[in-house]
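I opened my notebook to look up a few things in this structure. My notes follow below, in the order I took them.

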Amino acid sequence: MNHLSERLNFLLNTALKYNGHFYDLCCDHGQLGIKAYESNHFIHSYLIDVVPSIINKLKDICSDIPESELSILLKDCTKLEFSNKLSKIIVIAGIGGKLSIRILENIMPQLTHDDIIILSPHNNLEEVRCYLSQNKYYCEDEHLIRERQKFYEVLEIRKQAKVESNIGLVGKFESSDKEVKLSYFKKNIDYYKVKLRFNKEHKTNEELLSLYQERLKSYE
Ligand SMILES: C[S@@+](CC[C@H](N)C(=O)[O-])C[C@H]1O[C@@H](n2cnc3c(N)ncnc32)[C@H](O)[C@@H]1O
């Protein structure tokens, strides 16, 4: 199999910090889940997507791999039921923020505190962060990566009991590359400035603009 893109490689390396059953939700090409299986690090890997042609193609590609090690499942992840209670590493990446929230709403009651979700939606990040905070998720770490001029937030999160969430509307990305962070904050500042030009009184956008400006200041 070909090399993973920088983004997928980052997701795989993040997952490799944890042990258990690996889930590549909304897997599409399946590259991440197949590499996870090939790493021999996880007890079992699951590739899951809702499109039959994607799943059939993956079953062909992986026909030599025993089903006891890799499962390829045709399922809607907004209705997914996990079949095992062992520790899970669940990757939800490359899909929109709204769909990510619907998937999280479905899986949350099934999660234990041992499970880790590696979450990297491609839009509506602030809405996702707001959902995570309101539902008391705990963020183990957060990263910002750039691939071909596009930015990707990557959050390692867990379900958490009563304590307040540590997830803010805007990330800090402490361990991420400084230049990438500065470009990302500047891009979002420009974006919210334009939005506010058309709707001056929008409280959430005002708050987001000032949060991104604060972040920029703290790293400049
Ligand atoms: C752009 S691909 C993302 C692939 C991969 N996760 C990545 O990060 O490169 C989005 C995939 O999500 C799948 N998808 C969309 N809604 C889904 C759902 N409700 N359940 C399972 N898969 C879904 C689509 O079929 C598509 O293959």
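Where is Lys136 found? I located Lys136 in the loop between helix 5 (125-134) and strand 6 (137-147). For the element names I use DSSP runs, numbered from the N terminus: helices are H or I with at least four residues, strands are E with at least two.

**Ground rules.** I number residues from 1 along each chain as its sequence is written. This is a predicted model, so I note that local features need pLDDT of at least 70, that side-chain atom pairs count only at pLDDT 80 or more, and that totals for chains, interfaces and linings use all residues.

Lys136 is partly exposed because 15 other C-beta atoms lie within 10 Å. My cut-offs: buried means 20 or more other C-beta atoms within 10 Å of the residue's own, exposed means 12 or fewer, and partly exposed is in between, with C-beta atoms placed from the backbone.

Next I looked up Gln149, in the loop between strand 6 and strand 7 (150-159). Gln149 also has a positive phi, near 65°. Is Gln149 buried or exposed? Gln149 is exposed, because it has 6 C-beta neighbours inside 10 Å.

I then went to His29, which sits in the loop between strand 1 (21-25) and helix 2 (31-38). With 16 C-beta neighbours inside 10 Å, His29 is partly exposed.

I count two strands as paired if DSSP finds at least two bridges between them.

I went through three of the pairings:

- Strand 4 (88-93) and strand 5 (116-120) run parallel and are joined by five bridges. Ile90 is opposite Ile117 of strand 5.
- Strand 5 and strand 7 are antiparallel, with three bridges. Here Ile117 has Ile157 of strand 7 as its bridge partner.
- Strand 6 and strand 7 are antiparallel, with 10 bridges. Tyr138 is opposite Arg158 of strand 7, and Glu147 is opposite Lys150 of strand 7.

How many residues lie between strand 6 and strand 7 in their hairpin? I found two, and Arg148 in that turn has a positive phi of about 45°.

**Helices.** In helix 1 (residues 6-15) I noted Leu8, Leu11, Leu12, Thr14 and Ala15 as buried. They lie on the same side of helix 1, because they cover an arc of only 160° around the axis; the arc is that of the directions from the helix axis to the C-beta atoms. The buried residues of helix 1 pack against strand 1, helix 2, strand 4, strand 5 and strand 7. For contacts I require two C-beta atoms, placed from the backbone, within 7 Å.

In helix 4 (residues 97-107) I picked out Ile103. Why does Ile103 count as buried? Ile103 is buried because it has 23 C-beta neighbours inside 10 Å. Leaving aside neighbours within four places in sequence, Ile103 is in contact with Leu25, Cys77, Thr78 and Ile92. The C-alpha atoms of Ile103 and Ile92 are separated by 8.6 Å, and the two are 11 residues apart along the chain.

**The ligand.** Last, I checked what surrounds the ligand: 14 residues, the closest being Cys26, Asp28, Val50, Cys77 and Gly94. A residue is near a molecule or strand if its C-beta atom, placed from the backbone, lies within 6 Å of it. By class I read nine nonpolar, two polar and three charged residues in the shell. Nonpolar covers Ala, Val, Leu, Ile, Met, Phe, Trp, Tyr, Cys and Pro, charged covers Asp, Glu, Lys and Arg, and the others, Gly among them, are polar.
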